[in-house]
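Let us take a friendly walk through a protein model. Have the sequence and the 3D view ready, and follow along as each part comes up.

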Amino acid sequence: EPVIRIEGLSQVYSGSWGVPVGKALIIVLELQAGEVLGVLGGNRSGKSALLKLLCGLLPVPTGCIRISGRDPFRAIYRDNVGYLPERPAFPSYQTARKFFMHVARLSG
């Protein structure tokens with residue numbers, strides 16, 4: 001069984017007023033234990049979205065993602081995964097306490 005299996009995954013990006021402006025992440029992928037994957041692409045090509053999807057930080061819009069046969073969106077499976085964005089964005093509408101409570105919920 002592959003460690004990571006992605007089938008039929010796609011992501012639509014929206015511009016102003018929610019109008020779709022592009023599509024990225026049209027992927028079918030299998031990674032076996034010990035394999036390494038490099039992710040390259042231009043701006044808005046879906047690199048960060050792919051990593052967030054694999055970490056279970058974004059819901060899967062279409063298709064299927066499995067890590068060791070499990071759904072990464074379930075918090076119980078995030079114990080072995082970490083994600084550190086290049087430029088973390090802290091929501092201006094949240095207090096520090098609410099933000100940290102949100103992060104604590106993500107980590108279980």
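A residue counts as buried when its relative accessible area is under 20%, as exposed when that area is over 50%, and as partly exposed in between. Arg5, at 29% relative accessibility, is therefore partly exposed. Keep these words in mind, and remember that this is a predicted model.

**The overall plan**

The protein chain contains 2 helices and 3 strands. Starting at the N terminus, the elements follow the order β-β-α-β-α. Of the 108 residues in the chain, 21% count as buried. The accessible surface is about 8,100 Å², and carbon and sulfur atoms make up 57% of it. If you take contacts between residues at least 6 apart in sequence, 48% of them join residues at least 24 apart.

How confident is the prediction? The mean pLDDT of the protein chain is 79, with 89% of the residues reaching 70 or more. Confidence is lowest in strand 2, where the mean is 75, and highest in strand 3 (residues 64–67), where the mean is 86.

**The nonpolar core**

Which residues make up the largest nonpolar core? It has 10 residues: Ile4, Ile6, Leu9, Ile27, Leu29, Leu31, Leu50, Leu53, Leu54 and Ile65. At least two residues of this core come from each of strand 1 (4–14), strand 2 (20–31) and helix 1. In soluble globular proteins, nonpolar side chains tend to be buried together.

Now look at helix 1, which spans residues 47–55. Its buried residues are Ala49, Leu50, Leu53, Leu54 and Cys55. An α-helix has 3.6 residues a turn, so residues three or four places apart point the same way. After helix 1 comes Gly56, which has a positive phi near 80 degrees.

How many salt bridges does the structure hold? There are 2 salt bridges, and the table sets them out.

| Salt bridge | N to O distance |
|---|---|
| Glu7 and Arg5 | 2.7 Å |
| Glu30 and Arg5 | 1.7 Å |

Through shared partners, the salt bridges join Arg5, Glu7 and Glu30 into one network. Side chains of opposite charge can pair when their charged atoms come close.

The chain has 1 aromatic pair. Phe99 and Phe100 form this pair, with 5.5 Å from centre to centre and 70 degrees between the planes. The arrangement is edge-to-face, because planes over 60 degrees apart count that way. Phe99 has a relative accessible area of 17%, so Phe99 is buried. Phe100 has a relative accessible area of 56%, so Phe100 is exposed.

**A backbone detail to finish**

Where is Ser68? This residue lies in the loop between strand 3 and helix 2 (96–106). Ser68 has a positive phi of about 50 degrees although it is not a glycine. At 42% relative accessibility, Ser68 is partly exposed.

Conventions:
Residues numbered from 1 in each chain as written. Heavy atoms only, no water. Buried < 20%, exposed > 50% of the residue type's maximum accessible area, 1.4 Å probe, protein only. Helix = DSSP H or I, 4+ residues; strand = E, 2+ residues; numbered from the N terminus. Core = buried A, V, L, I, M, F, W, Y, C linked by side-chain atoms within 4.5 Å. pLDDT = per-residue confidence, 0-100. Salt bridge = Lys/Arg side-chain N within 4 Å of Asp/Glu carboxyl O. Phe/Tyr/Trp six-rings, centres within 6.5 Å; stacked < 30°, edge-to-face > 60°. Contact = heavy atoms within 4.5 Å. Areas by Shrake-Rupley, 256 points an atom, 1.4 Å probe, with all protein chains shown as cover.
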